[in-house]
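Look over the sequence and the structure first.

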Amino acid sequence: MVRSKLPDTGTTIFAVMSKMADEYNAINLSRGFPDFHCDEELISLVAEFMHKGFNQYAPIEGIIELREVISDLVHKNYSFQYDPEKEILITAGATQAIYTAISALVREEDEIIIFEPAYDCYVPAIEMNGGIPIFISMKKPDYKIDWDEVQKMVNPKTKLIIVNTPHNPSGSILNAQDMEKLKKIVSGTNILILSDEVYENIIFDGYEHQSVARFPQLAERSVIVSSFGKSLHVTGWRMGYCLAPQEIMKEIRKVHQYLAYTVNTPMQYAIAEYIKRKNYDLSLRQFYQEKRDYFSRLINFSRFKIIPSAGTYFQLLDYSSITDEKDTVFAEILTKEHGVASVPMSVFYKDKYDAKVLRFCFAKKKETLERAAERLMKI
Ligand code: GLN
């Protein structure tokens, strides 16, 4: 009766592995979410705004207080000014921002360049809108973009390039030279950029996050997507946002008003007030670097090989010296028999390229990391 519009798409791997983790009582390092609480003050603020009666629709584009806070943060961090009135939109998580932007910008037969391993929401969003994903692979251990290959793929049908730094699932980051190369490729074309920067505040070893907002010639053709979920430890609140020059944002807002309409009102007030009150810069560099290093130390002498993580709260582990099993199979064995759930990297490649690598989330309490490491050490 129904002819699927997404015949090749199943349930997202994060949900599949989390369900398996629950069923087998495994430690869930698959889906990326903190297992610790956000700041109590933030929760009190949500309650306070609810009690005060902020429970009805927010404006379509989000409350102005929050848009102003975002504009100030972006300006402080990347020296680029987005107009809170016209260039910022609050969305129900980054995933909705990404879908909305793609819906607004992509037409039938447009080509969209994406880099794999690719976060799993990009391709369905492209395909639902008739676009054609063009894949460029990044490989272990450094997961770098080959910009010569990108240059070769660019043609008059190229509508959009999706970049993601810090990169989920690999934990790699783009540096200033990467951004210069991207700038060169798009200059003189009509190509737009969708820049997924949801892990902008989780970057390690003193590196600077290379937001497209640092490069005015990129920013003028870019949509930046980011999120409070990661930065405030509230992934379940679905509080994302996007930034784009007025002409592009106008189109994104048109789609947003019929897709989500508006986003949770009390959460928006609470986050705006919280950031203003604490003059909060959202940086989680040290907080997560300590967790990354702690987890690495705990499993340093295991048979897993650590692939350095430069950002995000994910750690890749290469298990090729343990078994030849496919990564999807090994992830299942690890969950069911050893009690640790992870995500197999092959699912993020179109051709299911299997480099024997699994992704583990270290946004967890010390005890959780210790228990997981203890199990991994026995393998
Ligand atoms: N962003 C999270 C991750 O990468 C998962 C979000 C989801 O479950 N779709 O693990």
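The sulfur of Cys 361 lies 16 Å from the closest cysteine sulfur, that of Cys 38, so the two are too far apart for a bond. Cys 361 is also buried, at 0% relative accessibility. Buried means under 20% relative accessible area, exposed over 50%, and partly exposed in between (1.4 Å probe, protein chains only).

This is a predicted model: local features need pLDDT of at least 70, side-chain atom pairs count only at pLDDT 80 or more, and totals for chains, interfaces and linings use all residues. Residues are numbered from 1 along each chain as its sequence is written, and side-chain values use heavy atoms, with hydrogens and water left out.

Across the whole structure, a search finds zero disulfides (a disulfide is a pair of cysteine sulfur atoms within 2.5 Å). Cys 242 is in none, and its nearest cysteine sulfur belongs to Cys 121.

| Cysteine | Nearest cysteine sulfur | Distance | Relative accessible area |
|---|---|---|---|
| Cys 242 | Cys 121 | 13 Å | 0% |
| Cys 361 | Cys 38 | 16 Å | 0% |

Now the helices. Helices (H or I, at least four residues) are DSSP runs, numbered from the N terminus. Helix 2 (residues 40-51) packs against helix 11 (residues 265-278) at an angle of about 130°, with the axes 8 Å apart. Axes are lines fitted to C-alpha atoms over the stretch in contact, and angles run from 0 to 180 degrees between N-to-C directions. Contact means heavy atoms within 4.5 Å. Residues making this contact include Leu 45 and Phe 49 of helix 2, and Tyr 269 and Arg 277 of helix 11.

Methods. Helices (H or I, at least four residues) and strands (E, at least two) are DSSP runs, numbered from the N terminus.
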